[in-house]
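Reader: I would like a close look at a single part of this model. Please keep it brisk and give the cut-offs.

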Amino acid sequence: MNDQAEKQIQLIKLKRIQELNNRLKETLKRERIPASKACALIIAYVEETPDYLIPYNWKLPIDQNKFAKYKSFKQTRQAQQSIGCCIIM
């Protein structure tokens, strides 16, 4: 019985080592790129993709960009408030 338990333990250890070996083989198959190329890809993506929270990067027309709409609404509202809300005659 002691021999069977040792064989079972060795079999379990062997399976774990084989699973680890298979996972390591899968990681070796993944495509690798240098950090400089990855940085260049990130920079290109950031420059090409509009960020709607940064005004100088807004590429959509104002009617499609809700943040630009809000900014223009806020500016017109501030202009109206500077004039005053009531006129007394």
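Is Lys29 buried or exposed, and at what relative accessibility?

Author: Lys29 counts as exposed, at 65% relative accessibility. Here, buried means under 20% relative accessible area, exposed means over 50%, and partly exposed lies in between (1.4 Å probe, protein chains only). The model is predicted: local features need pLDDT of at least 70, side-chain atom pairs count only at pLDDT 80 or more, and totals for chains, interfaces and linings use all residues. Residues are numbered from 1 along each chain as its sequence is written, and side-chain values use heavy atoms, with hydrogens and water left out.

Now the partner. The side chain of Lys29 meets that of Glu26 in a salt bridge, at 3.7 Å from N to O. A salt bridge is a side-chain nitrogen of Lys or Arg within 4 Å of a carboxyl oxygen of Asp or Glu. The structure holds one salt bridge. Glu26 is partly exposed, with a relative accessible area of 47%. Both residues sit in helix α1 (residues 2–29). Because they are three residues apart there, about one helical turn separates Lys29 and Glu26.

Next, the setting. The protein has three helices and zero strands, in the pattern α-α-α along the sequence. Helices (H or I, at least four residues) and strands (E, at least two) are DSSP runs, numbered from the N terminus. Of the 89 residues in the protein, 2% are buried. The accessible surface comes to about 8,900 Å², with 60% belonging to carbon and sulfur atoms. Such areas come from the Shrake-Rupley method with a 1.4 Å probe; for residues, only the protein chains shown count as cover.

Last, confidence. pLDDT is the predictor's confidence in each residue, from 0 to 100. Its average over the protein is 80, and 69% of the residues score at least 70. Confidence is highest in α1, at a mean of 94, and lowest in helix α3 (residues 66–83), at 72. Where pLDDT is low, the predicted coordinates should not be read in detail.
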